[in-house]
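Please look over the notes below with the model open.

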Amino acid sequence: MNQLDFQRILARRQFLDNCSGGLGAVALAHLLGAEGRTAAAQVPDAGPMAVKRPHFEPKAKNAILIYQSGAPSQLDLFDPKPGLAKWAGQALPPSMTKDLKLAFIKPNAKIMPSARTFRPYGQSGMEFSDWVPHLGSRADDICMIRTMHTEAFNHDPGALLLSTGVTQFGRPSVGSWVAYGLGSESQNLPGFVVLGSGKGPNAGSNIWSNGFLPSAYQGTRFRSVGDPILYVSNAEGVTGELQRARIDTIRHLNQRRLLKTGDQEIAARIASYELAFRMQIAVPQLLDFRDEPGHVLRSYGVGQEPTHAYATNCLLARRMVERGVRFVMLTHGDWDDHKELDKGHTRNCATVDQPSAALVEDLKQRGLLDSTVVIWASEFGRTPMGQMDREDEDPGRDHHPDCFSMWLAGGGMAAGRVVGKTDDIGLKPVEDKVHVHDLQATLLHCLGFDHERLTYRHQGRDFRLTDVGGRVIDRLLA
């Protein structure tokens, strides 16, 4: 036997050895298919962002999460507490404060009533403070939750719990879960986009991370200065034809490797290259507001100060939803007013009130609010006790995870309804407590998912957004 004969025998043995597992898998797939126990067939090259069916018929198909980083004071915006006046300047008895989680102040800190004026709006009579009159004008479109609660009483863990369902780094964000579950209807823009204004958000890019999900589901951050995405423009001298040829070559090499390894990260990379090429045309069109009527730009506050940057992001969110982007996250900061709350909140409310209300109104007028759920949220709220580190500075409020407010609109959420009631001083919930996991479960429900079944296997077990908790809150639903 010569060397060539030996190589032929070895090649046959290798072929049979390599095929044995594959043939067994084919046989098993045939038997399972005959019993109807296999997943629905999908087009192999459809890509990770191909449109997928949810578990049941959804109310919403898109979501916009507006994250107000740093924790606005619910007592000065959304949850009026005239009962605080009788406690002004007094410390609460230990029986009322013994279980509080406080970041900086002591339980015996003095009560600070709100200086804001509240009044009812719309047919619902929902009350808003004079800091947010534009949001008040949308009262009949909004579902207000006044009894949100969370275990996290510091910013980064709170932001992570709100966005990923746990307080540790490394888990997929809510936008990534939605993109993983539904794919995207947009062919030319990412399925999950992140827009920011003001100070960067707590927990940074971790709140739009894909975690252990394939990288195709990570949020794509649009910058507010220069190119919205780095390198979205071709380098000087690189034509569209040359760029297309380059991407085709890279795709061919990646596809060969994908067929050999089955690594889904390679599939995600192929999809990312193709999307990046299409975005070079789509992004400039997205950012060109010349097709927007003047009254729409004015309603958002585009081109005006202090609203311009935040208003631009709100308008972009609507334009992205129109173009099929599945999940848009807006971040704005910073609301962390441990001192000079009046000054800081005045500035932030002047920035976000008008554009936030305009977004809801614009979506409604265009027939998009029914299919788009909007969530205006933060990591926790603020204490009824004031915080004053020095006598010569204006007071603020400390972190308060036990009860805080946020609102939702559209996408199957109830309109003109207040859910939950807090005690007379805004210290504890007394009716209809809503945990962060409950909020996440209800959002996924509106998008057509059973939150306990939207899972991803990693390190030997199935993970989900709501971790080991969460329930759908029926009172939030229309």
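The points below take the aromatic pairs, then the charges over rings, then a single residue.

1. Basis. This is a predicted model: local features need pLDDT of at least 70, side-chain atom pairs count only at pLDDT 80 or more, and totals for chains, interfaces and linings use all residues. Residues are numbered from 1 along each chain as its sequence is written, and side-chain values use heavy atoms, with hydrogens and water left out.

2. Aromatic pairs. There are eleven aromatic pairs in the structure. Rings of Phe, Tyr and Trp (its six-membered ring) pair if their centres lie within 6.5 Å; planes under 30 degrees apart are stacked, over 60 edge-to-face, the rest tilted. One of the pairs is F212 with Y456, which is stacked: 6.1 Å between centres, 20 degrees between planes. F212 sits in the loop between β5 (192-198) and β6 (220-222), and Y456 in strand β16 (residues 456-458), so the pair ties together parts 244 residues apart in sequence. Helices (H or I, at least four residues) and strands (E, at least two) are DSSP runs, numbered from the N terminus.

3. Burial of that pair. F212 is buried, at 14% relative accessible area. Y456 is partly exposed, at 22%. Buried means under 20% relative accessible area, exposed over 50%, partly exposed in between (1.4 Å probe, protein chains only).

4. The tryptophan pair. How are the rings of W335 and W376 arranged? Their centres are 6.4 Å apart and their planes at 75 degrees, so the pair is edge-to-face. W335 belongs to the loop between β7 (327-333) and α10 (341-365), W376 to strand β8 (residues 372-377); the pair links distant parts of the chain, 41 residues apart. W335 is buried, with a relative accessible area of 0%. W376 is buried too, at 2%.

5. Ring cluster. W335 and W376 also belong to a cluster linked by ring pairs.

6. Charges over rings. R116 lies over the face of W131, 4.2 Å from the ring centre. The charged end of R461 sits over the ring of F463, at 3.8 Å from its centre. The criterion: NZ of Lys or CZ of Arg within 6 Å of the ring centre and within 35 degrees of the ring normal.

7. A88. This residue lies in the loop between β1 (62-69) and α2 (94-97). A88 is partly exposed, at 38% relative accessibility. A88 touches I111 and P113, leaving aside residues up to four places away in sequence; contact means heavy atoms within 4.5 Å. The C-alpha atoms of A88 and M385 are 9.1 Å apart, while 297 residues separate them along the chain.
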